[in-house]
Amino acid sequence: MRTRHLAVVATLAVAVYLVLLAGRAVELLRSGEPVAVALGAGVLVLPLLGAWMLVATWRSGVQIQRLARRLEAEGGLPDTSDLPRRPSGRVDTAAADSWFDERRAEVEAHPDDWRGWYRLAYAYDIAGDRKRARTTMRKAVELEAVEADNGAR
């Protein structure tokens with residue numbers, strides 16, 4: 001819960017910044033001077049882009065949290081507590097690679113199961129490959145949505 005509170009505070013801080021930035025953009029647009037108006041139009045893009053990023057990030061987080069709750073209820077959340085760790089707390093590289101290979105085999109055996117994709121995304125994350133972790137988690141979210149749609153019919 002503490003992480004969620006921190007995320008809310010950070011989001012509010014960014015939102016305040018975006019509102020202030022939008023205010024500056026409007027001031028520039030109202031000045032009537034061609035250079036200031038052009039600059040104001042350019043600056044106005046930044047808060048719009050920032051707002052879109054905030055919404056997309058929160059939406060993704062909510063979807064991932066929903067999957068985590070489902071997996072937890074099913075007893076299928078990934079457990080790395082028994083993996084050896086470095087003094088920094090990160091999982092040992094060889095252990096992370098081995099654990100990753102097991103998750104990849106799970107996905108190859110059941111490519112349409114979102115649960116395996118979720119665990120594979122977690123494996124990418126503990127291996128330090130955040131980009132692939134995000135891509136793989138998006139795949140898990142997509143597959144879970146398909147499963148939910150098929151279950152609703």
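Colleague: What should I know about the model and its numbering before I start?

Modeller: This is a predicted model, where local features need pLDDT of at least 70, side-chain atom pairs count only at pLDDT 80 or more, and totals for chains, interfaces and linings use all residues. Residues are numbered from 1 along each chain as its sequence is written, and side-chain values use heavy atoms, with hydrogens and water left out.

Colleague: How is a helix defined, and where is Ala 41?

Modeller: Helices are DSSP runs of H or I with at least four residues, numbered from the N terminus. Ala 41 belongs to helix H2, residues 34–74.

Colleague: Is Ala 41 buried, exposed or partly exposed?

Modeller: Buried means under 20% relative accessible area, exposed means over 50%, and partly exposed is in between, with a 1.4 Å probe and protein chains only. Ala 41 has 39% relative accessibility, so Ala 41 counts as partly exposed.

Colleague: Which residues form the nonpolar patch on the surface?

Modeller: Patches take residues with over 30% relative accessible area and no salt bridge; nonpolar side chains (Val, Leu, Ile, Met, Phe, Trp, Tyr) are joined within 5 Å, like charges within 9 Å. Accessible areas come from the Shrake-Rupley method with a 1.4 Å probe, and for residues only the protein chains shown count as cover. Here Val 8, Leu 12, Trp 58 and Val 62 make up the patch, with about 350 Å² of accessible area together. Helices H1 (2–30) and H2 each supply at least two of its residues. Val 8 is in helix H1 and is partly exposed at 35%.

Colleague: How many aromatic pairs are there?

Modeller: Rings of Phe, Tyr and Trp (its six-membered ring) pair if their centres lie within 6.5 Å; planes under 30 degrees apart count as stacked, over 60 as edge-to-face and the rest as tilted. A search of the whole structure finds two such pairs. One of them joins Trp 99 and Tyr 122 edge-to-face, 6.0 Å centre to centre with 70° between the planes. Trp 99 is in helix H3 and Tyr 122 in helix H4 (residues 114–126), so the pair ties together parts that are 23 residues apart in sequence. Trp 99 is buried at 8%, while Tyr 122 is partly exposed at 29%.

Colleague: What sits over the ring of Trp 99?

Modeller: A charge sits over a ring if NZ of Lys or CZ of Arg is within 6 Å of the ring centre and within 35 degrees of the ring normal. For Trp 99, the charged end of Arg 103 does this, 4.5 Å from the ring's centre. Arg 103 is in helix H3 (residues 93–109) and is buried at 13%.

Colleague: How do I read the salt bridges, and how many are there?

Modeller: Side chains of opposite charge can pair when their charged atoms come close. The cut-off is a side-chain nitrogen of Lys or Arg within 4 Å of a carboxyl oxygen of Asp or Glu. The whole structure has 14 salt bridges. Among them, Glu 144 and Arg 66 meet at 2.5 Å, N to O. That pair links distant parts of the chain, with Glu 144 in helix H5 (residues 130–152) and Arg 66 in helix H2, 78 residues apart. Glu 144 is buried at 4%, whereas Arg 66 is partly exposed at 34%.
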